[in-house]
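Here are my notes on the model below. Please read them with the structure open.

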Amino acid sequence: MHYFHYKEEDLYCEEVPIATIADRVGTPFYLYSHRTLVRHFKAFDSGFEEIRHLVCYSVKANSNVALLRIFVNLGAGLDVVSGGELFRALKSGVDPKKVVFSGVGKTEQEIEYALNSGILMFNVESSQELVRIDEMAKRLDMRAPVAIRINPDIDPKTHPYVATGLMENKFGIDFKLAMKEYTFAKGLPHIEIIGVDCHIGSQLIELQPFVEALRRVKELIHDLGQRGIEIQYLDLGGGLGITYKDEIPPHPTEYAKAIVEEASDLDYTLIFEPGRVIVGNAGILVTRVLYTKETGEKNFVIIDAAMNDLIRPSYYGSFQGILPVTKGEEEKIIADVVGPICESGDFMARNRRMPKFKPGDLVAVMSAGAYGFSMSSNYNSRPRICEVLARGDRFHLIRERESYDDLVRGEKIPDFLG
Ligand code: LLP
């Protein structure tokens, strides 16, 4: 459920006509609906009312500090995977005691930053990382709170690039070796074991893999208890999918119900790290048609946004809905929507039935709130685009469009080049 809707011929975000925003900020731009973001967060969070839990929104999905602030104001914690994300998280005003730090390759500098910030816990992904965190905590004369990320070897039935809980993936520690790893961690003087973590993949559209993972991890926590290792937090990661085209993922309340059923008897706090399900359908990419062209074989709609702005179609072959910002053209054609970048993989849609767009028309690329701006780059020296947040009948620029000067900021020509 989101608040992008037509009023007669015009596409609105909440109560703002999208064409008005385009006139004001230029194109392309990302546009988010405040009401949708709040609604999605609350829908997810409220499902777990009955149990002790903490929703740590996954910053990587969309890391704009204004969005983080929305969730933090609603009581969220944050899941970060780099020093940069931790910096953003702290900027957003989150309580550091609600921050979890995941990721397979944390550097010394990042570990030190997180220790000094007083985060809730590190989700640790290898023995070597445990040793590194122990050393860093010793240097700072403290104990580092950790969970170990377990790879439960469960097939999430999703795109191979975003499956993470299989033995062939680089993430976490083999389920069978978990006890050994916990025993090792227990012997490290500057490590304080407080949790177990597991995240099996992204864009999951079935409940069963989540439930199976939870069952496996519950068994582990039981066995740990018998060995005197008490767990306070179970982090189940993120991964709940959304509708891009015709997928029918479980509603967050169904997801919550399935988890709560398995978890009502537990005496530890459950942590969740949702990203996509909160922001995915709360954001779109608005772009303008530059040209259209027909080759003998195909119709092309050439837009002013490109794969550097939204890489999902090129990288994962993902489907993103294409809608006219102003309806009108009745005639439909089959076309590719492509960007200006010098790669054949630069497309938003292929062989898609759509209105016969003309130069100057505005196009909405739907479901672009998650892994849109956060995966954008400056490829082809294209300045990164601006981000806008609509709320009611007003809108706010929450990130400026980059300038050409921004593109070369930090670059230096050595003296010997004259
Ligand atoms: N926690 C961990 C440890 C993760 O690795 C991820 C996502 C999440 C939470 C959030 O997952 P979500 O709820 O958003 O599914 N760029 C890809 C998705 C990559 C997901 C990476 N990890 C895409 O555009 O589909």
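How much area do domain 1 and domain 2 bury between them?

1. The answer is about 750 Å², with 61% of it on carbon and sulfur atoms. Buried area is the accessible area (1.4 Å probe) that two parts lose on being put together, summed over both. In domain 1, Asn281, Tyr316 and Phe319 lose the most area to domain 2, together 56% of what that side buries.

2. On provenance: this is a predicted model, where local features need pLDDT of at least 70 and side-chain atom pairs count only at pLDDT 80 or more, while totals for chains, interfaces and linings use all residues. Residues are numbered from 1 along each chain as its sequence is written, and side-chain values use heavy atoms, with hydrogens and water left out.

3. The domains are 4–32 + 280–407 (domain 1) and 103–272 (domain 2); their bounds come from an automatic or database domain assignment. Their centres, taken over C-alpha atoms, are 36 Å apart.

4. Now the ligand. Both domains give residues to the shell around the ligand, so the ligand lies between them. The shell holds 18 residues (a heavy atom within 4 Å). Ser202, Glu273, Arg312, Tyr316 and Tyr371 are the closest.

5. Tyr316 returns here: an N or O atom in its side chain is 2.6 Å from a nitrogen atom of the ligand. A polar side-chain atom of Tyr371 lies 2.6 Å from a ligand oxygen atom. Arg276 uses a backbone N or O atom, 2.8 Å from an oxygen atom of the ligand.

Methods. A polar contact is a pair of N or O atoms within 3.5 Å; within protein, one must be able to donate a hydrogen and the other to accept it, and residues adjacent in sequence count only if both atoms are side-chain atoms.
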